[in-house]
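Please have the sequence and the structure at hand while reading.

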Amino acid sequence: MLRSAGKLRRGFLKLGLAYSLLGVTGFSGIAMAADWPQRAVTFIVPFAPGGPVDTAARIVTMPFNSVWQYPVVIDNKAGAGGIVGARTAVKAKPDGHHFFFGAIHHAILPSLNNNLGYEIGEDLVPVAGIARFPLILVAHPSLKVKTVQELIDLAKAEPNKIAYSSSGTGGGTHLAGELFASQAGVQLQHIPYSGSAPAVQDLVGGQVQHRAIVICGV
């Protein structure tokens, strides 16, 4: 892990990840009924298993298994920076048994993509804020940098030679990478993943080039 460096670090950490629980439009009346739920309740997570959104979803929903008569199902629908999961949620039957864990991606994506296939503010309704996480910057040991300043110096010496992975285009980790590059005055290559967990796994396992860093939520 890279140690912090003054003002750059403060600006970098301002980009936390905020996760919200959303319900498919039309669920409210059913959710208030005394005989709810009437079947398994599905929570759609738009990222790969093992990442911060998935972990938060599992922690939050775990107690429901001991309260409800019916099981809780975590349905990971990763892809396209959270778009696949959102589309899955919007297409789900509005019967009060489908919920969606949204992230900062879903607030940003409408400004980047005018063909999402859904309207986040119309097709889903907010239920509750769930969690907010800081972001961290990690690098493979072979990069041979131990501080943020050393990383900046290396990136300036070799523009576009260092790649950074994120949990997907348009998300907090992607924007954090762009903020980092902008404030540091460096050029980095962006590699979007279907979640933070696979990005970290590939870096640690050496399945991507060693001249890489990962920005992820914890």
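## A buried tryptophan pair

In this predicted model, Trp-36 and Trp-68 are both buried. Their rings form an edge-to-face aromatic pair, with 5.2 Å from centre to centre and 80° between the planes. Because Trp-36 lies in the loop between helix H2 (28-31) and strand E2 (41-45), while Trp-68 lies in the loop between helix H4 (64-67) and strand E3 (72-76), the pair ties together parts that are 32 residues apart in sequence.

## Trp-36 and Phe-99

Trp-36 also forms an edge-to-face aromatic pair with Phe-99, at 6.3 Å centre to centre and with 80° between the planes. Since Phe-99 belongs to strand E4 (residues 98-102) and Trp-36 to the loop between H2 and E2, this pair ties together parts that are 63 residues apart in sequence. Trp-36 has a relative accessible area of 16% and is therefore buried, and Phe-99, with a relative accessible area of 6%, is buried as well.

## The aromatic cluster

A search of the whole structure finds 6 aromatic pairs. One aromatic cluster is formed by Trp-36, Phe-43, Phe-64, Trp-68, Phe-99 and Phe-101.

The largest nonpolar core holds 16 residues, of which Leu-151, Phe-180, Val-186, Leu-188 and Ile-213 touch the most other members. Helix H8 (148-157) and helix H9 (172-184) are the elements that give two or more residues to this core, and the largest share, 5 residues, comes from H8.

A second, separate core of 14 residues includes Val-41, Val-53, Ile-74 and Phe-99.

Technical notes. Residues numbered from 1 in each chain as written. Predicted model: local features only at pLDDT ≥ 70, side-chain atom pairs only at ≥ 80, totals over all residues. Heavy atoms only, no water. Phe/Tyr/Trp six-rings, centres within 6.5 Å; stacked < 30°, edge-to-face > 60°. Helix = DSSP H or I, 4+ residues; strand = E, 2+ residues; numbered from the N terminus. Buried < 20%, exposed > 50% of the residue type's maximum accessible area, 1.4 Å probe, protein only. Core = buried A, V, L, I, M, F, W, Y, C linked by side-chain atoms within 4.5 Å.
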